[in-house]
Amino acid sequence: MQVLDKTQVEALSQALGEPAWVLEKRLKALEAFARLPYPSKKDEAWRYTDLSEAPLEQGVETPKGLSLSRDELPELVKRRLEKTDVSGFLVFVGPDLVYAEVPEELRQKGLVFTSLAEALKTHPSQVEAALFQGVYTEDKFAAENSAFFTHGAFLYVPAGLEVEKPLGVFKVVEGGRASAGRSLLFLEDNAKAAYIEEYLSLDLPPTLHLSATEMVLRPGAHLRHAHVQTFGEGVWHFHRQRALLERDAGLNDLVVNLGGRYARSEVASELLGPGAESEMLGLYFGHGRQHFDHYTLQHHVEHHTRSDLLYKGAVKDEARAVFSGLIRLERGAQKTDAYQANRNLILSRTARVDSIPQLEIGANDVRCTHGSTTAPVDEMQLFYLQSRGLPRTLAQELLVKAHLADVLGRIPLKALRAHIEAVIEEKVRI
């Protein structure tokens with residue numbers, strides 16, 4: 001087993017050619033990682049989760065300098081490229097950026113879309129202004145990522161630039177060692193973009209995957225973001241993301257968990273300026289012994305802000321899902337509109353969902369609502385569909401698609417929506 005210590009951090013930072021300030025940040029994160037315990041069921045935020053089978057002590061993979069042509073890309077990625085509409089994309093295999101395509105016209109307009117390691121050399125001031133602002137040492141896993149991340153994507157959109165088609169990152173996890181990466185998205189004033197990050201793998205032995213996404217949205221910036229994981233069996237996925245929204249900034253966020261053995265997504269929107277708006281969507285479908293945790297935070301710091309959250313999922317077999325969502329309003333967050341809803345469908349007697357919507361309101365002139373529903377599939381509806389000649393599996397598929405339709409309908413990226421629908425259809429039939 002590889003020892004996670006100061007020597008490894010220094011060697012990793014040196015191999016990546018990082019400036020001194022990044023190494024300093026890594027070492028402080030290492031101190032936090034060594035100090036913080038792994039979570040357990042005794043911790044309120046982890047009370048529904050058993051990590052006893054998780055490969056928590058795996059050594060972190062190191063970059064190999066791998067580079068591929070488009071024809072040499074993994075089949076998983078090639079199949080996605082055939083059905084995606086991204087205008088530019090990066091492909092990571094393990095810790096290496098192996099391929100990149102970015103339209104030259106966007107580069108000429110000042111857009112930067114490359115690896116974090118490269119951006120630290122070519123655009124150091126933009127990276128330093130945003131890196132570690134959203135995700136740093138909030139818990140054991142965040143600290144591990146901040147200390148040992150080996151790769152990542154950087155997107156910088158200059159002021160006023162509107163990127164019409166989405167940009168994408170495809171990350172293929174290889175297994176054998178822990179994988180730690182992060183994305184940093186930085187949109188200047190009134191910039192607009194769409195960014196899709198997809199995580200893929202074949203079936204693997206137990207493998208730890210740590211990811212972090214930081215989003216900095218300057219005044220008037222608008223970002224459409226999607227985090228989609230369709231890992232094969234064996235992957236334990238821990239994802240944390242945080243968006244910082246300044247005055248009149250807008251975020252439309254989508255988190256999709258469909259693969260892996262276990263996935264935990266901790267998603268926060270910090271509405272820091274008046275007029276900021278955040279739409280947070282979530283989709284998940286668990287089968288077998290899959291376990292999906294979702295922890296969300298809608299944090300209203302300033303007045304006249306708005307957030308709307310809708311997470312919907314379904315579970316069957318012995319799968320389990322957890323949703324814990326918090327709307328928090330500071331004292332100065334007057335005239336806030338905040339909404340939160342979690343809806344779940346249970347397709348078997350052995351599946352389970354725990355849902356905990358929460359409010360913390362420090363202001364008195366606000367509109368806040370939250371709610372949750374969890375219910376088994378309606379046997380009368382199944383009977384009706386089967387009586388019309390549909391087999392039970394297809395009838396369940398139709399009911400699941402109907403259950404998730406209002407979230408799917410709010411995804412304006414048509415190619416991505418079609419991909420998610422196809423994966424869900426496949427999972428229903430398993």
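A crossing of two helices is called left-handed if the near helix is turned anticlockwise from the far one by less than a right angle, and right-handed if it is turned clockwise. The model shown here is predicted, so local features need pLDDT of at least 70 and side-chain atom pairs count only at pLDDT 80 or more, while totals for chains, interfaces and linings use all residues. Residues are numbered from 1 along each chain as its sequence is written, and side-chain values use heavy atoms, with hydrogens and water left out.

**View 1. Helix 9 crosses helix 10 in the right-handed sense.** Helices (H or I, at least four residues) and strands (E, at least two) are DSSP runs, numbered from the N terminus. Helix 9 and helix 10 pack at an angle of about 150°, and their axes are 10 Å apart. Axes are lines fitted to C-alpha atoms, for helices over the stretch in contact, and angles run from 0 to 180 degrees between N-to-C directions. Contact means heavy atoms within 4.5 Å. On helix 9 the contact is made by T393, Q396, E397, V400, K401, L404 and L408, and on helix 10 by R417, I420, E421, I424, E425, V428 and R429. By class, these residues of the contact of helix 9 with helix 10 divide into six nonpolar, two polar and six charged. Ala, Val, Leu, Ile, Met, Phe, Trp, Tyr, Cys and Pro count as nonpolar, Asp, Glu, Lys and Arg as charged, and the others, Gly among them, as polar.

**View 2. Helix 9 bends by about 35° at A402.** The bend at a residue is the angle between axes fitted to the seven residues ending there and the seven starting there. Helix 9 covers residues 392-408, and its 17 residues should span 24 Å at 1.5 Å a residue; the end C-alpha atoms are 23 Å apart, which agrees. The expected span is 1.5 Å times one less than the number of residues. The buried residues of helix 9 are A395, Q396, E397, L399, V400, H403, L404, V407 and L408. Buried means under 20% relative accessible area, exposed over 50%, and partly exposed in between (1.4 Å probe, protein chains only). An α-helix has 3.6 residues a turn, so residues three or four places apart point the same way. What covers the buried residues of helix 9 includes strand 13 (277-286), strand 15 (306-315), strand 17 (337-346), helix 8 (379-387) and helix 10 (414-429).

**View 3. K427 is a buried lysine in helix 10.** K427 counts as buried because its relative accessible area is 5%. Not counting residues up to four places away in sequence, K427 touches L258, F285, H287, Q290 and K316.

**View 4. Helix 2 passes helix 7 in a left-handed crossing.** The axes of helix 2 (residues 20-35) and helix 7 (residues 140-148) come within 8 Å and cross at roughly 150°. Helix 2 brings R26, A29, L30, A32, F33 and A34 to the contact, and helix 7 brings K140, A143, E144, S146, A147 and F148. The contact of helix 2 with helix 7 has eight nonpolar, one polar and three charged residues. Helix 2 has 16 residues and reaches 23 Å from its first C-alpha to its last, close to the 22 Å expected at 1.5 Å a residue.

View 5. S13 counts as buried because its relative accessible area is 2%.

**View 6. H304 and K335 each have a positive phi without being glycine.** Phi of H304 is near 55°, and H304 sits in the loop between strand 14 (291-300) and strand 15. H304 counts as partly exposed because its relative accessibility is 47%. K335 has a phi of about 60° and sits in the loop between strand 16 (320-329) and strand 17. K335 counts as partly exposed because its relative accessibility is 45%.
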